[in-house]
Amino acid sequence: MSIIEYTDGRTELDTTAFRYKLTKPDGTLIKDWTTGATWTEEPAGTYTLEDADAVPGTRYAVEPSTGEVGGLGRVPEPMRGTDDAATEAKQDAAAAVAATLALEASVQEVAAAIAGLEPADLGTDTCTLTITTAAGEVVTDARVFVSADATGTVRSAVRVTNALGQVTFDLTDGETFYVWRYSSTVDFSGDNPQEFVAIED
């Protein structure tokens, strides 16, 4: 049984609202979004869960609540070697990487922060998206990523909108993609993802 770890930075969260899903390295779904699991907070702000399906190499996504920006990770392979000092150093380095996923951190590429979990290559054409509310007002400082599928499995890095509500991705002109938006001021949970056709700038 392997452990799923999610570092949020906030303490004493209601873990009954947590949800997570598991996929194989090739993107094949192992377990769809699941809630109601028993999470342990240790140390403060770091939440762990044991899951028999989370074998080494399994990728996972965690959301503190439905639609809220969470974190991505991969169950590590067992440590090799008998050098305790080296093993402890590797574990400390892994913990430092996980800490960068705290919601308070100004991390531009959350999906690439976990070792071995790189953003997908979705194309080479520069495409600018403008994120707006239903009323047409631009949304600044929103976290945005684009995926090639409606489940969000094959996704880009996370970007942050500028003062014009704009964000740029490298996509393939003319192909259909899905945009996922998260903001502290606008609720997009009922409208994620939004399908669109990429248009090169």
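The model is predicted, with local features requiring pLDDT of at least 70, side-chain atom pairs counting only at pLDDT 80 or more, and totals for chains, interfaces and linings using all residues. Residues are numbered from 1 along each chain as its sequence is written, and side-chain values use heavy atoms, leaving out hydrogens and water.

**Salt bridges**

The term means a side-chain nitrogen of Lys or Arg within 4 Å of a carboxyl oxygen of Asp or Glu. Among them are these:

| Pair | N to O distance |
|---|---|
| Lys31 and Asp51 | 2.8 Å |
| Lys31 and Asp53 | 3.3 Å |
| Arg181 and Asp191 | 3.5 Å |

Take Lys31 and Asp51, a salt bridge at 2.8 Å. This pair links distant parts of the chain: Lys31 sits in strand β3 (residues 29-35) and Asp51 in strand β5 (residues 46-51), 20 residues apart. Strands here are DSSP runs (E, at least two residues), and helices are H or I runs of at least four; both are numbered from the N terminus. Asp51 is buried, at 6% relative accessibility. Buried means under 20% relative accessible area, exposed means over 50%, and partly exposed falls in between (1.4 Å probe, protein chains only).

Lys31 also bridges to Asp53, with the closest N and O atoms 3.3 Å apart. Asp53 lies in the loop between β5 and β6 (59-63) while Lys31 is in strand β3, so this pair ties together parts 22 residues apart in sequence. Asp53 is partly exposed, at 37% relative accessibility.

The side chains of Arg181 and Asp191 meet at 3.5 Å, N to O. Arg181 belongs to strand β12 (residues 176-182), and Asp191 to the loop between β12 and β13 (194-197), so the bridge ties together parts that are ten residues apart in sequence. Arg181 is buried, with a relative accessible area of 4%. Asp191 counts as partly exposed at 40% relative accessibility. Elsewhere, shared partners join Lys31, Asp51 and Asp53 into one network of salt bridges.

**Gly152**

Gly152 lies in the loop between β9 (143-147) and β10 (159-160). This glycine is buried, with a relative accessible area of 3%. Leaving aside residues up to four places away in sequence, Gly152 touches Ser147 and Trp180. Contact means heavy atoms within 4.5 Å. Gly152 and Trp180 are 28 residues apart along the chain, and their C-alpha atoms are separated by 8.3 Å.
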